[in-house]
Amino acid sequence: MTAPISTLSHMDLNGALSSNFIPNREYLLLGSVLDTSVEVLLHRLRGLCDNVDHGPEGFNDHEMSFSIRKSDQNEQPLVLRVRRSLDPGYADHPWQLRYIGQEELGDKSRPTIVRSSIDVATSNTVVDFLTELGCKMDFEYITRGYMFRKGRMKITVSKIFKVNQNKGPENIHTDMISQSYLVELSVIAATGQDAVADDMRIFAEQLRPLVQLEKVDYKRFVDPTPRPQ
């Protein structure tokens with residue numbers, strides 16, 4: 001069992017940082033599968049992944065994206081994600097605050113996206129806290145689907161729903177966005193463990209032709225127009 005962060009000494013933390021022990025990099029591949037083919041993909045994943053005896057873990061999450069502008073208006077804003085589970089059985093679980101950095105520039109032959117990632121468990125007042133800091137919510141959505149594990153790899157197959165803003169936070173109404181599921185293959189690892197990307201590439205090959213997991217330049221889908229202040 002890992003000791004809580006509060007029990008780690010300052011020296012322990014410095015040692016973890018200097019040895020790149022802290023998992024702060026996300027390796028990621030993305031793809032999609034049509035609704036009509038998702039059951040075939042789920043069947044394939046049940047045969048390939050570790051939790052075959054118990055089946056995949058279902059999830060129903062509400063995610064919000066917040067941003068805050070830096071003093072230099074020409075710089076990219078700081079973006080933070082807040083996630084909470086909507087499943088009644090997880091009502092008492094902590095919310096999750098996540099920072100995701102820009103894709104790292106470097107070797108174009110890298111088999112996966114590589115970006116910085118930091119996750120922190122928080123209380124359910126985190127939205128109020130971010131609002132007080134001056135953050136603004138850019139968008140929110142619901143994800144419902146299944147999560148599989150293969151060693152240190154996490155595979156999620158999820159449907160994304162748009163949140164209807166006319167409803168209150170305790171009575172969320174959603175609208176389906178597309179006729180497909182988002183498929184994500186990811187690993188959270190420490191800096192310098194690039195070999196894990198090759199393991200992900202090999203696993204992704206086993207899912208073809210059901211789904212093509214690849215590096216996606218997600219910045220192409222982001223509107224570069226500055227948001228009015």
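Reader: Okay, what does serine 116 touch, leaving aside its neighbours within four places in sequence?
Author: Serine 116 is in contact with Asn24, Arg25, Tyr99, Ile100, Gly101 and Glu104 once those neighbours are set aside. Contact here means heavy atoms within 4.5 Å. Keep in mind that this is a predicted model, where local features need pLDDT of at least 70, side-chain atom pairs count only at pLDDT 80 or more, and totals for chains, interfaces and linings use all residues. Residues are numbered from 1 along each chain as its sequence is written, and side-chain values use heavy atoms, with hydrogens and water left out.

Reader: Where is serine 116 found? And is serine 116 buried or exposed?
Author: It's in strand 5, residues 113-122. Serine 116 counts as buried because its relative accessibility is 19%, and buried means under 20% relative accessible area, exposed over 50%, partly exposed in between (1.4 Å probe, protein chains only).

Reader: What about threonine 125, where is that found?
Author: Threonine 125 is in the loop between strand 5 and helix 3 (126-133). With a relative accessible area of 42%, threonine 125 is partly exposed. Its side chain makes a polar contact with the side chain of serine 123, at 2.7 Å. A polar contact is a pair of N or O atoms within 3.5 Å; within protein, one must be able to donate a hydrogen and the other to accept it, and residues adjacent in sequence count only if both atoms are side-chain atoms.

Reader: Switching topic: which residues touch the most other members in the largest nonpolar core?
Author: Leu45, Leu185 and Phe203, out of 27 residues. Such a core is a set of buried Ala, Val, Leu, Ile, Met, Phe, Trp, Tyr and Cys residues joined through side-chain atoms within 4.5 Å. Apart from that one lies another core of nine residues, including Trp95 and Cys135.

Reader: And what does leucine 45 touch, not counting residues up to four places away?
Author: Phe148, Ile155, Val157, Phe203 and Leu207.

Reader: Last one: how many helices and strands does the protein have?
Author: Four helices and nine strands. Those are DSSP runs numbered from the N terminus: helices are H or I, at least four residues, and strands are E, at least two. Of the protein's 229 residues, 33% count as buried.
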